[in-house]
Structures are given as structure tokens and as C-alpha cells.
Amino acid sequence: MKKKVSEEKRIKLELSSLPVPKSNRYIRKRGGVVFKPPRVKNWEMRAVWEIKQQYQGEPLDGKLSMEVILVLPNHRKRDIDNMLKSLWDVLEKAKVIKNDNQIYEIRTLKRIEKGVQKTIIYISPME
């Protein structure tokens, strides 16, 4: 029987935009130099800053459960698994989690709100 995680252990983070999908085009080589396109780099910097405004604790330890709500502005097709990879990277960079291998459970929802985009993340310890 699964135990219910208490609300005080659940962390809520909110980003003002959607994750930039991590795909084959995420890191490119120019003259042998590896770099991130400006769109990706800018999103990462903004996302890390927003997360650090909301979470100042130590990186979370142990097995984690994640719920991610992607609020989309329209019905355009989006590859959510690549968006999640980018999200895990910024959670590591912002020192919310130590490593994305701590994530044992993921629930992802797409919600359409015309003209609105944001990402809501709930993180709970697995019990």
C-alpha cells in the first residue's frame, strides 16, 4: 500500500515559460567547438534564476516523485519528453536535485490555456 506524501514535504516551483526541448540540435559544433544555441542558453539562465528565487535549500536527496504541468498557449504539437530533459538539467543547475537519476516517478500533464505558457513542478520524496 502506497503512503500519501504529506503536503509540507512537497515542493512547488513555477517557471514563467515552457522548457526549450532538448534535441539533437540542442548542442551544435562550430569549428570543433561545442556550444548551446542562444535560445537554449537564455532559457536555461532564466529558468535557473526563477528557480533560485523560489528554492534556497540544500539539493534534495533520495528517490523523488515529480509532477510537471506544462501550460501551453495553443494545441501545437510539442515533444514533451525532450522538454522534460531540459527541465531536469535546470533543476540540477539550480541545485534543487543532485542528479536526475533520483527521479523514480514522473507524472506529466499538458494543459491548454489560450495565450498562456508556464511550467509548474511539484517535487515530493518517494516514501
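How many of the eight residues of strand β6 (residues 118–125) are buried? The legends below begin with this strand.

The model shown is predicted: local features need pLDDT of at least 70, side-chain atom pairs count only at pLDDT 80 or more, and totals for chains, interfaces and linings use all residues. Residues are numbered from 1 along each chain as its sequence is written, and side-chain values use heavy atoms, with hydrogens and water left out.

View 1. Six of the eight residues of β6 are buried, so the strand is largely enclosed by the rest of the structure. Here buried means under 20% relative accessible area, exposed means over 50%, and partly exposed lies in between (1.4 Å probe, protein chains only). Strands (E, at least two residues) and helices (H or I, at least four) are DSSP runs, numbered from the N terminus. Two strands pair if DSSP finds at least two bridges between them. Strand β1 (residues 11–15) runs antiparallel to β6 and is joined to it by five bridges; within this pairing, tyrosine 122 in β6 is the bridge partner of lysine 12. Eight bridges connect β4 with β6, again in the antiparallel sense. Proline 125 in β6 stands opposite leucine 64.

**View 2. Helix α2 and its surroundings.** The 14 residues of α2 reach 20 Å from the first C-alpha to the last, close to the 20 Å expected at 1.5 Å a residue. The expected span is 1.5 Å times one less than the number of residues in the helix. The buried residues of α2 include Met83, Leu87, Trp88 and Leu91. Among the elements that cover the buried residues of α2 are β1, α1, β4, β5 and β6; contact means heavy atoms within 4.5 Å.

View 3. Lysine 95 lies in the loop between α2 (80–93) and β5 (103–112). Although lysine 95 is not a glycine, its phi is positive, at about 65 degrees.

View 4. A salt bridge places a side-chain nitrogen of Lys or Arg within 4 Å of a carboxyl oxygen of Asp or Glu, and the structure holds seven of them. In one, the side chains of glutamate 44 and lysine 93 meet at 2.8 Å, N to O. This pair links distant parts of the chain, with glutamate 44 in helix α1 (residues 38–54) and lysine 93 in helix α2, 49 residues apart. Glutamate 44 counts as buried because its relative accessibility is 6%. Lysine 93, at 39% relative accessibility, counts as partly exposed.

View 5. Glutamate 67 and arginine 107 form a salt bridge whose closest N and O atoms are 3.3 Å apart. The pair links distant parts of the chain: glutamate 67 belongs to strand β4 (residues 64–72) and arginine 107 to strand β5, 40 residues apart. With 17% relative accessibility, glutamate 67 counts as buried, whereas arginine 107, at 47%, counts as partly exposed.

View 6. The side chains of arginine 111 and glutamate 113 meet in a salt bridge of 3.2 Å, N to O. Glutamate 113 counts as partly exposed because its relative accessibility is 29%; arginine 111 is partly exposed, with a relative accessible area of 34%.
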